[in-house]
Amino acid sequence: VMPEFETHLFLLEFGFPVAPIVEHGWADDGYYWVERSLGKLPFTFIFEDDHLDVGHIRDASFWQFLGHVKSFMLAQRQTISEEPLNWEVIRQAIHVDRLQGELPAQAHLLEEAFQRIKQRLQDQPACFTHGDLLPSNILPGGVIDFGDHFSGPYGYDLVNALTTTYWFPVDQSQYN
């Protein structure tokens, strides 16, 4: 639990749009912390509700989402490291081997694509990377779910956030 708390403090220190900690300390079961709520629903549901109400994502909703992505990128820029990118860590983080296992007929194409990405991004600086910065992990108050973070190329999270194919949820019942 402590590494998660330390990661949260790191994020706050660099100005990432994450929940402020309102209380923390030791209890019988270990260390705890309480965060201020960032909202009830992630943007996937807000976007879906917009689409159901008016037939498209409202400008205000999308601009709010983009504001958090921008804040995230500005904070992320402060974590740029002189260390070179670790391509084995990145390979694991983006699940290349798992994809190859799920799509064995395309395994060689996935490997070729990974090698092209590696070549094109070899000079890109490394920074703290969320790993799955998507509308499902961004709420009106900020960003959640840093369980997949890694040191990755600056810009990865921006591309991930804006090119997702998962703008709307399949099933909202998990949040009710």
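In this predicted model, helix α2 passes helix α3 in a left-handed crossing. The angle between the two helices is about 165 degrees, and their axes lie 10 Å apart. Angles over 145 degrees count as roughly antiparallel, and α2 and α3 are therefore roughly antiparallel to each other.

| Helix | Range | Residues in the contact |
|---|---|---|
| α2 | residues 43–54 | F43, I46, F47 and D50 |
| α3 | residues 59–77 | S61, F62, Q64, F65 and H68 |

By type, the residues of this contact comprise five nonpolar, three polar and one charged.

Helix α2 itself has twelve residues, which at 1.5 Å a residue should span 16 Å; the C-alpha atoms at its ends are 16 Å apart, in agreement with that value. Within α2, the buried residues are F43, T44, F45, I46, F47, E48 and D50. The buried residues of α2 pack against α3 and also against strand β4 (138–139). Just after α2, G55 adopts a positive phi of about 90 degrees.

The protein as a whole contains seven helices and six strands, arranged along the sequence as α-β-β-α-α-α-α-α-β-β-β-β-α. Its C-alpha atoms fill a box of roughly 45 × 45 × 30 Å along the principal axes. Of the 176 residues, 36% are buried. Among contacts between residues at least 6 apart in sequence, 66% join residues at least 24 apart.

Conventions: Residues are numbered from 1 along each chain as its sequence is written. This is a predicted model: local features need pLDDT of at least 70, side-chain atom pairs count only at pLDDT 80 or more; totals for chains, interfaces and linings use all residues. Side-chain values use heavy atoms; hydrogens and water are left out. Axes are lines fitted to C-alpha atoms, for helices over the stretch in contact, and angles run from 0 to 180 degrees between N-to-C directions. Helices (H or I, at least four residues) and strands (E, at least two) are DSSP runs, numbered from the N terminus. Angles under 35 degrees count as roughly parallel, over 145 as roughly antiparallel, 65 to 115 as roughly perpendicular and the rest as oblique. A crossing is left-handed if the near helix is turned anticlockwise from the far one by less than a right angle, and right-handed if clockwise. Contact means heavy atoms within 4.5 Å. Ala, Val, Leu, Ile, Met, Phe, Trp, Tyr, Cys and Pro count as nonpolar, Asp, Glu, Lys and Arg as charged, and the others, Gly among them, as polar. The expected span of a helix is 1.5 Å times one less than its number of residues. Buried means under 20% relative accessible area, exposed over 50%, partly exposed in between (1.4 Å probe, protein chains only).
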